[in-house]
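Reader: I would like to learn how to read a helical model feature by feature. Could you take me through this one?
Author: Gladly; let us look at it together.

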Amino acid sequence: MQKEELYKRIGLKIRELRKSKHLTIQELSDKIDIEYNNLIRIEKGRTNPTISTLYKIASELDVTLKEVVDIND
C-alpha cells in the first residue's frame, strides 16, 4: 500500500469515529487544540498526522490509538 492510500484510510477511520461520537470537525479540532483546516486535511488523507496528533484524536474520541490506525476493516 502506498503512503497516500494509507493516509486516506486513516483519515476515513478518524472521520467515522468522530461521527460516531456526534462531533463536528470544529468541535474535535477545538478539543484537541489543532487548527480546523489541519483536521480536515487529516480526514481527507492529504497529510501525514504525527503520532502525537493521532494520540490526541484517539484520547478525545475515547478509543485506543490502535483503533484509529486499524484500517483493515
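Reader: At what angle do the axes of H2 and H4 cross, and within what distance do they come?
Author: A word on the source before that: this is a predicted model, in which local features need pLDDT of at least 70 and side-chain atom pairs count only at pLDDT 80 or more, while totals for chains, interfaces and linings use all residues. Residues are numbered from 1 along each chain as its sequence is written, and side-chain values use heavy atoms, with hydrogens and water left out. Helices here are DSSP runs (H or I, at least four residues), numbered from the N terminus. Axes are lines fitted to C-alpha atoms, for helices over the stretch in contact, and angles run from 0 to 180 degrees between N-to-C directions. In this model the axes of H2 and H4 cross at roughly 110° and come within 10 Å.

Reader: How should I describe the orientation of H2 and H4 relative to each other?
Author: Angles of 65 to 115 degrees count as roughly perpendicular, under 35 as roughly parallel, over 145 as roughly antiparallel, and the rest as oblique. H2 and H4 are therefore roughly perpendicular to each other. For handedness, a crossing is right-handed if the near helix is turned clockwise from the far one by less than a right angle, and left-handed if anticlockwise. The H2 and H4 crossing is right-handed.

Reader: Which residues of H2 and H4 meet?
Author: Contact means heavy atoms within 4.5 Å. On the H2 side you will find Leu28, Lys31 and Ile32, which meet Lys56, Ile57 and Glu60 in H4.

Reader: And at what angle do H2 and H3 pack?
Author: Their angle is about 115°, and the axes are 9 Å apart. That makes H2 roughly perpendicular to H3. The contact involves Ile25, Gln26, Leu28 and Ser29 of H2, together with Tyr36, Leu39, Ile40 and Glu43 of H3. H2 passes H3 in a right-handed crossing.

Reader: Is Tyr36 buried, partly exposed or exposed?
Author: The labels rest on relative accessible area: buried is under 20%, exposed is over 50%, and partly exposed is in between (1.4 Å probe, protein chains only). With a value of 36%, Tyr36 is partly exposed. Tyr36 sits in helix H3 and touches Ile25, Gln26 and Ser29, not counting residues up to four places away in sequence.

Reader: Which residues touch the most other members of the largest nonpolar core?
Author: In soluble globular proteins, nonpolar side chains tend to be buried together. A nonpolar core is a set of buried Ala, Val, Leu, Ile, Met, Phe, Trp, Tyr and Cys residues joined through side-chain atoms within 4.5 Å. Here the largest such core has 17 residues, and those touching the most other members are Ile14, Leu28, Leu39, Ile57, Leu61, Val63 and Val68. H1, helix H2 (25-32), H3 and H4 are the elements that give two or more residues to this core. Take Leu61: not counting residues up to four places away in sequence, Leu61 touches Ile14, Leu17, Arg18, Lys21, Leu23 and Leu28.

Reader: What polar contact does the side chain of Thr53 make?
Author: A polar contact is a pair of N or O atoms within 3.5 Å; within protein, one must be able to donate a hydrogen and the other to accept it, and residues adjacent in sequence count only if both atoms are side-chain atoms. The Thr53 side chain makes one with the side chain of Thr50, at 3.0 Å. Thr53 lies in helix H4 and is buried, at 14% relative accessible area.

Reader: Is Lys13 buried or exposed?
Author: Lys13, in helix H1 (residues 3-20), counts as buried at 10% relative accessibility. A polar atom of the Lys13 side chain lies 3.5 Å from the backbone oxygen of Asp70.
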